[in-house]
Each structure stands twice: as C-alpha cells, then as structure tokens.
Amino acid sequence: MTSTESAAAADASATRAGSSAWGLEQGVWTLRLVPPWAAKALDDAALPAALGVGGRVRIDGSALGHWDAGVAAALWSLRERLQQRGLQVELASLPAGLGEVLLLAQPGDVPREPAAPARPALQHALHEAGRTIAFFGEVLIALARWLSGRVTVRGTEVLQQLDQTGPRSAPIVLLTCALVGVMLAYMGGAQLERIGAQGFLAGVVTVGMVRELAGLMTGVILAGRVGAAFAAQLATMQAGEEVDALRVLGVDPIAHLVLPRLLALLLMAPALLAFGALAGIAAGALPALWVYGVTPAEYLQQSLRALTATHLWIGLFKGMLYAALVVAAGCREGLHAGRSAQAVGQATTAAVVKALVWIVAAACATTVGFTAMGF
Amino acid sequence: MVANDAASPLLQVQGLAVTAGGQAIQRGLDFDVRRGEVLVIVGPSGCGKSTLLRHLVGLEQPAAGRVLFDGHDLHRGAEAPRAALRRRFGVMFQAGALWSSMSLGENLMLPMRLFTTLDAAERERRARFKLALVGLDGGFELMPAQLSGGMRKRAALARALALDPELLMLDEPGSGLDPLNAARLDELVLHLRQYLGTTVVMVTHEIASVFAVADRALFLDPQERTMTAIGAPQDLLVHGPAAVRAFLGRADAA
C-alpha cells in the first residue's frame, strides 16, 4: 500500500473483523487482532478495499492473550489470501507458539497443479463400454485357448469355486423360484378362470418357469450372491498387487482367475435351473389345486404335455447365459478396480448393478428373438 | 546363469520417463544395473520409486525411453517372449502380494508348476527349501492371512525366488517392519546375493538399508523429477549433491 494515502481515507476504508480492525499504522496496513473475534469475520469482506495489490501488510497480535487452533487456521488462511494478492505479510507480536505454528504450515512439496480434468460423461461411458467389450473378448480368447488345450485350468480351483457358489446358492434359488411359481399360478389362474380355462394353468406355470423365470431368478440370485463375491475377491487381489504378481510371471489373470469361476458357474447353473424350475412348478400346484380346483392328475398331465424339448433348451440356454453374465460382470469390475478399500466397495456394487441390467437386457433380447424365430 | 558377456549390464534403462495417473513423475532416467550388484533406488516418499519399479518389471508402459533386460526390450514386441524375459526376475511387491487363496507352499509352487518341467515332489522340495532359506521352514501349509507382517514379507521374498531369478526386484522390503525385522530382511538379501549370485534392485526410503546393502544407490529427486545421483552410498554421502548428502546424512539420526 502506498504511503501517499491520507489517514482520513484510511479511516474511511478501515473495516472491522469482529473487534479486530485494519488500519494504517506508520504507512503500513495493519490488522490488529483483538479478542473476542470470530474467525469468519476475517474473510474477504473484511479486507479494506484500499489494500490493493502488492506491497506490505502487518498482522499485529499484541492484544491477543491466548490462541487456539481456530485462531491459527484463520490467520493461516488469511495469510494465504493476502500472499495470493502479492502482498508481503509480516506477523508481529504474536503470542508464544502461534508464529512458530504458522511457520510450520508453509506450502508443502505437493505441487498444487490442477487435477487432470474429468472426462465428459459421454466419453467416460464410451471408455467404460470399450473396456467391457475388450474384457468379453479377452474372456472368449481365454476360453478358446482352454478348449484348444493351450491353457490349463486347475481342477481344484474349479471345485473350490463350485463349492462356494453352487450348494450354498441352492436353498435361496429354491425358495425364490417357489414363491414366483405361486405368484404365477395365482395371477395366471385368475385370468384363465374368466374364460373357464383353468385346465391350462399347469401349462402356463410350467412353460413360464422352465423357459423364462427359473433362469431369471437364478441369475438374479447369483448376481447378488456370487457376482458380488467375485468382484470383491478380485478387487481385493487387485488392491493387494496379487494380480500384478500374476502378470509379472506372464500368467494371464483372465485364464487364472476368471476361467475357473466361469466354468464353476456354468457347471452349476443347469442343476440350479432344474431345481428352481421344479420348485416353481411344484409350488404353483398349490394355488392350482386349492384355489382353482385343478386335480393333481390334470396338473401333472398338463404340465408334462406343455413341456417340450424346445422350452427346455431355451430355458437352459438363457440360464447359462445369465450365469455367464454374472461372472463377466463380477470379474470385469473386480479386475478393473482401483487400489483402495473404497474401490473394492464400488466394484462390488457396480458388479451387482451391471449383472442385473445385463441379465434383464439379455432376457428381453432372447425372449423377443426366440419368439420371433418361432420357437 | 546366462552365458552372456559377464561385463555387459544386466538391465539397461535408457531415457526412461515415468508417469502415474497421467502425470509425469520422473524423466530422463539413464542407468545400468550391473551383474551381481545390489542397486538401491532411494528417495523421499512420493518421488516415484515404486512407480519406477513397476516400469522396470514391465507392468507399466513408459511414456518415453526403454528398459533392456540382458539386451532385450521389456516393453516392446510380442507378449510371450517378454513374459519369458520377466520370468527371469523375481519381484517382491510392497505388501507381499502373496496369493491369498493359496497356502505358502502353493504360492511358491504355482510358478514352478506353470513354467518348469519339475515334477510335484521336486516342486515341493524346492518350495520347502526356499521357505527354509527365509526362516519359514514350518510355514508350508500356512495361509498368508495367518502370518505376521515380517513373515509375510519373508514369504514374499521366498516366492520371488521360486523360479531361481537372475534379478531380484524388491519394493520397500522393510516398510511396515520394526527395525530388527527390517535389518534381518536386509541381511537376508545380502546372503542371497552372496550365495545365489542374484543381482538385486531394491527400492527403499530407509537410509539404514541403503548403507547396509547397497553397492550403489540411485537417488530420485521429487522436485527435479529426475535422478540426481548414482554411486556408492559412502561416496554420495561425501561428494553427492547437497540434497542427497542431506538425505543420506540422516542415517546417524535414524
């Protein structure tokens, strides 16, 4: 600040920060800190307009009896702001320790460079989609290498995954499929009853469960139980550099980590699907018999008549496809996770969400496709 | 061991630039790792030591420059021969990176099973021997989660030795260990070099380690973002640039 400014002008432009005030003392703008004062009052609004840019200012703490972390933080940020305006800040008569603490809080060696600008949303989405497609490609290549005998998959690893995924998923698959079977029979029966066609109820439940719903429910359960676990396992391995330890050796993480999981789930899926469909059909019999007056013999006969090989194959294909999508979503998210605990959580969530969306999209596409082809 | 020219350097780093998260961390790195030496890469936290090591082992693609191992480029060309090249060095990661779903024995035997023609009995004997080398002879059946920090590091060192590497790359072996355990690990590295003839590249910020094991030390400067000195630590302590002398001079305090 130039010393040519008159004292009157200084008085007029002097602003108050609590009871602390800026004023011209011997030609130097000085902030005299007087308690009690609020740290907030030291913000930009309290700087005198005439302070300008460049020159020297003084902060005088002679009236400050004691200080705490709040005072230190307020002075530190004020000093930063003044220095950014090109002002030289002189700290005078601060209580013991305060000046030393402020000296400690000097700019560190972390460069204050702006972080790399985040990608626009569309570009980010395209990048992610590209990664997903690349991952599917890598999995297919690894599968082909395994089928042609160029990569071995450890039997014990597959068995271990089978044990983790199959038997423990079975009860919950049975339960959900049974409940869906009851719903299907109830809703279907109500509609069929209006045209007196309750006799076809068994066919509706059987075809619905075998062809569509057993696979869908199994897929959903696997997404939550198994896809999430795969993502968490692989993301933790990624965070602990375990995946890097494989890469350094030239071991393909896809072949070593993803294939055993994929094979285990593909081996387990038909059994889960069969149990799920049977549970749904059996549970669907309850409303059919009790509410809509279908006889057990009718139900069984109708059910067997409706069940063709085409429905069985389509149901099996869909269920296996969903299981593969669950593995792909879980492993893709796990292997591309960041290196932190938070990243493991994000990978797990993303794996479940992706698996569910992919499953529903695949269900829709296959239903429309197979129906359009006349199956 | 390779019947290559014994005088030629094992690892050559030429004009290497190292980036992490899109930001340049170190550039213009030029140095050789001589056969049989212990080269320590040293510098304050955050100067890019571990990132440099990830480049040296071929996990990251350099922004510029190249790394030659025994005359072959580690970052360019077909993956299969580069992977074969990488299997000639053993890497010990900072957190150990033992495969957590496998026992220690399996951790050591997996690379042997995948990349050697040894039969199962021979693999097990060698795995047990290498665990014994690092003082973990009873740990064959243990899972990584059952180990203490120091044991995990030693197990990771044993795994790095699984394929009898020509070059050991160690990322902060002493980090997170008490001084006694850290010193024990340093001693182990020296013994391995002495008895197995392994060349060692080790990243550390612990000055005691530098003086204990290094034939030469390479100093990375976080401000200059390049290497500012390379040489025997005792020489650097006397004749090195001021920042290096100040860093190494803390050995007495440490």
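Residues count from 1 along each chain as its sequence is written, while chains are lettered from A and ligands numbered from 1 in the order in which they are written. As the model is predicted, local features need pLDDT of at least 70 and side-chain atom pairs count only at pLDDT 80 or more, but totals for chains, interfaces and linings use all residues.

**View 1. Helix α2 of chain A has a buried face.** Helix α2(A) runs over residues 69-84; helices are DSSP runs of H or I with at least four residues, strands are runs of E with at least two, and both are numbered from the N terminus. Look for A:Val71, A:Ala74, A:Leu75 and A:Leu78, the buried residues of α2(A). Seen down the axis, they fall within an arc of 95° (taken from the directions from the helix axis to the C-beta atoms), so they line one face of the helix. Over on the other side, A:Ala69, A:Glu80 and A:Gln84 are exposed. "Buried" means 20 or more other C-beta atoms within 10 Å of the residue's own, "exposed" means 12 or fewer, and "partly exposed" is in between, with C-beta atoms placed from the backbone.

**View 2. Chain A meets chain B.** Here 12 residues of chain A are in contact with 17 residues of chain B; contact means C-beta atoms, placed from the backbone, within 7 Å.

Note on methods: The expected span of a helix is 1.5 Å times one less than its number of residues. Two residues are in contact if their C-beta atoms, placed from the backbone, lie within 7 Å.
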